[in-house]
Amino acid sequence: MFRMFQTKDYRDTSTTLREIYYKLKQLGKETVCGQTVTELIDLLGLPDTLHSIVATARGWICNALDKRSDEIALQGYFDTLIEIYNKLKQLGHETVCGQTVSELIELLGLPDFLDGIVATARGWICSALDKREVGDWHFRDILIR
């Protein structure tokens with residue numbers, strides 16, 4: 001169904017998000033918005049580790065105004081993700097991985113609704129993905145379909 005089920009680096013995450021987003025769009029707004037994230041994960045046969053990615057894609061579909069706003073939301077998500085990743089990277093592996101997502105949100109002074117993005121960025125760092133350079137990756141490339 002999907003090429004990857006575990007996100008091993010930031011490019012995998014963007015590809016997985018895009019694939020899940022388009023699969024949910026195929027199901028239709030009524031179906032997607034009428035299900036919980038957990039129900040959608042079960043419906044698509046995905047692992048629970050993709051909860052935040054499915055939640056993000058579901059939110060875009062259920063709150064979307066048009067295709068252009070979808071693309072803007074997707075770009076904004078990745079811009080925010082990279083910005084948070086870079087801030088966490090500056091804190092260092094030991095600090096980031098030694099704290100909960102809630103503690104990191106408080107430390108960075110971020111709003112609570114960014115917990116999914118902070119969790120994803122924290123996951124990259126704590127999975128030793130911080131050894132790869134994320135800053136030069138342009139996520140707008142994934143918007144071209």
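**A tryptophan and its surroundings**

Guide: W124 counts as buried, at 3% relative accessibility. Here buried stands for a relative accessible area under 20%, exposed for over 50%, and partly exposed for values in between, with a 1.4 Å probe and protein chains only. The model is predicted, and local features need pLDDT of at least 70, side-chain atom pairs count only at pLDDT 80 or more, whereas totals for chains, interfaces and linings use all residues. Residues are numbered from 1 along each chain as its sequence is written, and side-chain values use heavy atoms, with hydrogens and water left out.

The setting of this residue may be given briefly. The protein chain has eight helices and zero strands, an element order of α-α-α-α-α-α-α-α from the N terminus on. Helices are DSSP runs of H or I with at least four residues, strands are runs of E with at least two, and both are numbered from the N terminus. Of its 145 residues, 37% count as buried. Among contacts with a separation of 6 or more, 64% are between residues 24 or more positions apart, a contact being heavy atoms within 4.5 Å.

The aromatic pairs come next. Rings of Phe, Tyr and Trp (its six-membered ring) pair if their centres lie within 6.5 Å; planes under 30 degrees apart are stacked, over 60 edge-to-face, and the rest tilted. By this rule there are two aromatic pairs. One of them is edge-to-face because the rings of Y21 and Y22 have planes at 75°, with centres 5.1 Å apart. Y21 is buried at 7% relative accessibility, while Y22, at 22%, is partly exposed. Y85 belongs to helix 5 (residues 67-91) and W124 to helix 8 (residues 115-126), so the pair ties together parts 39 residues apart in sequence. Y85 is itself buried, its relative accessible area being 1%.

Which cysteine is linked to C97 by a disulfide? Its partner is C126, and their sulfur atoms are 2.1 Å apart; a disulfide is taken as a pair of cysteine sulfur atoms within 2.5 Å. The torsion about the S-S bond of C97 and C126 is about -120°, so this disulfide is left-handed. The link spans distant parts of the chain, from C97 in helix 6 (residues 93-97) to C126 in helix 8, 29 residues apart. C97 is partly exposed at 24% relative accessibility, and C126 is partly exposed at 28%.

By the disulfide rule the count comes to two. C33 and C62 are also joined by a disulfide, with S to S 2.1 Å, and this link is left-handed, at -120° about the S-S bond. Because C33 lies in helix 2 (residues 29-33) and C62 in helix 4 (residues 51-63), the pair ties together parts 29 residues apart in sequence. C33 counts as partly exposed, at 28% relative accessibility. With the bonded cysteines of the protein chain numbered in sequence order, the pairing reads 1-2, 3-4.
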